[in-house]
Amino acid sequence: MRFLAVPQLTLRRLNAVFSAGSVRRFGRMRLVQFCHKVAEGIVRVGVEQDEGQGIVDLKAFDPSMPSTMREFLELGPKGMDCAKRALSSGQNVLPRSDIRLLSPVTNPEKVVCVGMNYKDHCLEQNAPIPKEPIIFSKFPCSITGPNDDIILPDESQEVDWEVELAFVIGRKGKHIKEEEALSYIAGFTVANDVSARDWQMKRNGKQWLLGKTFDTFCPLGPALVTTDSLKDVHKLGIRCFVNGATVQESNTNQMIFQTEKVVAWVSQFVTLYPGDVFLTGTPPGVGVFRNPPVFLKKGDVVECQIDEIGSIRNTVV
């Protein structure tokens with residue numbers, strides 16, 4: 001099957017960038033995790049001056065700052081205040097050419113996912129709208145960076161894409177009220193819920209876990225955009241490109257269970273901790289429901305993009 005090329009692809013990408021830049025006046029904060037190219041093993045937390053621009057090294061600005069995002073989020077307001085001061089200072093700025101972006105969060109305690117959470121995704125498979133959130137998980141070792149490779153496992157022949165809005169928990173909570181849930185979210189990022197459909201739908205008793213959690217099956221990034229930086233997280237364009245052609249395009253207003261509901265629902269069962277990652281579901285256009293089905297192959301390039309947040313671009317190897 002050939003994907004339909006979209007002439008307006010470049011325009012859409014530019015619109016997304018301009019949309020992201022337009023929220024600067026609202027105090028936009030874009031937190032990242034990175035390492036220096038000359039010191040790959042040393043992880044740092046930073047703040048983007050703007051999407052795609054220089055990175056302020058928080059530990060260089062304030063040596064008391066921790067080296068990982070999870071530890072940074074555990075600091076609460078103290079960490080965020082330092083990040084704001086560092087960004088305003090204009091000091092300790094590293095050019096993008098000197099660093100490699102990592103996933104905004106590595107080694108979270110939990111990666112929680114919501115299935116069947118877009119109305120238009122339910123319609124494409126003639127499935128009923130869920131009455132309550134469908135929750136599954138990926139193991140933290142599935143997380144990889146915004147530009148890192150997706151590794152095709154020998155055990156699967158049906159690897160698929162799923163662009164998703166993700167968010168990261170910023171403070172500990174249990175039995176969180178829906179009206180207070182946003183205050184527990186540190187920020188939002190872009191995810192690709194890469195899925196081995198044969199293992200998800202045909203094997204392992206049709207339990208979803210194994211099909212969702214191969215190594216590198218959870219690219220995240222490029223940054224953690226703080227909650228108060230977004231005008232309305234439930235009105236964002238969301239799209240996925242494979243080899244430059246649009247395969248998914250929708251809006252987060254199609255979510256059945258919005259982020260507040262998901263936080264409140266999951267926190268009934270488990271305590272949420274800073275750094276926990278949530279994936280909120282995918283819109284229509286995944287490969288398995290195409291006629292005939294289409295799956296990823298070596299050499300494919302998958303780009304997942306959400307307005308005001310950014311994009312991740314991963315090559316399949």
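This is a predicted model: local features need pLDDT of at least 70, side-chain atom pairs count only at pLDDT 80 or more; totals for chains, interfaces and linings use all residues.

User: How should I read the two faces of a strand, and which residues of β1 point which way?

Analyst: In a regular strand the side chains alternate between the two faces of the sheet. In β1, R30, V32, F34 and H36 point one way. L31, Q33 and C35 point the other way.

User: Is β1 buried or exposed?

Analyst: Buried means under 20% relative accessible area. In β1 (residues 30-36), 7 of the 7 residues are buried, so the strand is largely enclosed by the rest of the structure.

User: Which strands pair with β1?

Analyst: β2 (residues 39-48) pairs with β1 in the antiparallel sense over 6 bridges. These two form a hairpin, with 2 residues between them. H36 faces A39 across that pairing. β5 (residues 99-101) is joined to β1 by 3 bridges, also antiparallel. There, H36 stands opposite I99. β13 (residues 218-226) pairs antiparallel with β1 over 2 bridges, with R30 opposite V225.

User: What is the strand order in the open sheet?

Analyst: The order is β15-β14-β17-β18, with antiparallel pairing. β15 (245-251) and β18 (310-315) are the edge strands, each pairing on one side only. The twist averages 10 degrees from one strand to the next. Inside the sheet, 5 bridges join β14 (residues 237-242) to β17 (residues 301-306). I238 has I306 as its bridge partner in β17.

User: What does the UniProt annotation cover?

Analyst: The unreviewed UniProt entry assigns residues 110-317 to a "Fumarylacetoacetase-like C-terminal" domain. Over residues 110-317 the chain is 11% helix and 33% strand. The end C-alpha atoms are 26 Å apart.

Key: Residues are numbered from 1 along each chain as its sequence is written. Side-chain values use heavy atoms; hydrogens and water are left out. Two strands pair if DSSP finds at least two bridges between them. Helices (H or I, at least four residues) and strands (E, at least two) are DSSP runs, numbered from the N terminus. Axes are lines fitted to C-alpha atoms, for helices over the stretch in contact, and angles run from 0 to 180 degrees between N-to-C directions. UniProt positions are given in the numbering used here, feature names are shortened, and annotations may be inferred rather than shown by experiment. Buried means under 20% relative accessible area, exposed over 50%, partly exposed in between (1.4 Å probe, protein chains only).
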